[in-house]
Amino acid sequence: MTASPETGTPRTASPDLLRSVFRQHAAGVAVITAAGDRPVGFTATSLNSVAADPPLISFGVGTSSSSWPVVSEADHIGVHILGEHQRELAATFARSGADRFGPSTDWRSGPEGVPLLDGVLAWLVCRVVARVPAGDHRIVIAQAITGDPAGGGRPLVYHQGRFTALRD
């Protein structure tokens, strides 16, 4: 095995190093929603498929997030896979203090009362099965109970600190 050439000076692990490394990692963009006194939601690039049987997903959420108090108590959450045409929607759900469910967001109440966003590539409603402490975040593990993969189009991707589209 040949060693690859060094591309820079190794740095000690830190939050800044982790963010810098993960800017190089292209990730799909999802919005996670939950119902509370008012609906909440946030943009997530940490969505993962965990298992097929039973169908489990996971995502990370910061405990300082305005959505965390509702997500921390929610029995069910919504997972929405965004399309390349939904950059503004992703930005709205990522922006602190934004009116995420205001007039510019098309949504409806779905199964289990979960807020469902319209026009997404795919969505799931999931039952929360665990919330695992992980530093200043929690890893939420949830089991899919219903969904729809039929929205057409290409996915929205997050890379180098911005929302972008796939290229052929």
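Predicted model: local features only at pLDDT ≥ 70, side-chain atom pairs only at ≥ 80, totals over all residues.
An open sheet is built from 7 strands, arranged in the order S3-S2-S6-S9-S10-S5-S4 with antiparallel pairing. At its edges lie strand S3 (40-44) and strand S4 (48-51), each of which pairs on one side only. On average, and with direction ignored, neighbouring strands of this sheet are turned by 35° against each other.

Several of the pairings can be followed residue by residue. Strand S6 (residues 76-81) runs antiparallel to S9 and is joined to S9 by 6 bridges; isoleucine 77 has cysteine 126 in S9 as its bridge partner. Strand S9 (residues 122-134) is in turn joined to S10 by 11 bridges, again in the antiparallel sense. Here alanine 134 is partnered by histidine 137 in S10. The hairpin of S9 and S10 has 2 residues between the strands, and in this hairpin glycine 135 adopts a positive phi near 60°. On to the next neighbour: strand S10 (residues 137-148) pairs with strand S5 (residues 56-62) over 7 bridges, also antiparallel, and leucine 56 is found opposite glutamine 143 of S10.

A helix meets the sheet at the S3 end of the strand order. Helix H3 (residues 87-94) lies across strand S2 (30-34) and S3, and runs at about 115° to S3.

The pockets complete the picture. The largest pocket holds about 1500 Å³ of space. Its lining comprises 43 residues, with Thr43, Thr45, Ser46, Gly60 and His137 lying nearest the centre of the pocket. At least two lining residues come from each of helix H1 (15-22), S3, S5, H3, S10 and strand S11 (156-159). The lining of this largest pocket divides by class into 18 nonpolar, 20 polar and 5 charged residues.

By class, 4 nonpolar, 2 polar and 2 charged residues make up the lining of the second largest pocket.

Notes
Residues numbered from 1 in each chain as written. Heavy atoms only, no water. Pairing = 2+ DSSP bridges. Helix = DSSP H or I, 4+ residues; strand = E, 2+ residues; numbered from the N terminus. Axes fitted to C-alpha atoms, helices over the stretch in contact; angles between N-to-C directions. Contact = heavy atoms within 4.5 Å. 1 Å grid on protein atoms, 1.4 Å probe; cavity = no way out; pocket = protein on both sides within 12 Å on 5 of 7 lines; lining within 4 Å. Points joined across faces, edges and corners; volume = space filled by probe spheres on them. Nonpolar A, V, L, I, M, F, W, Y, C, P; charged D, E, K, R; others polar.
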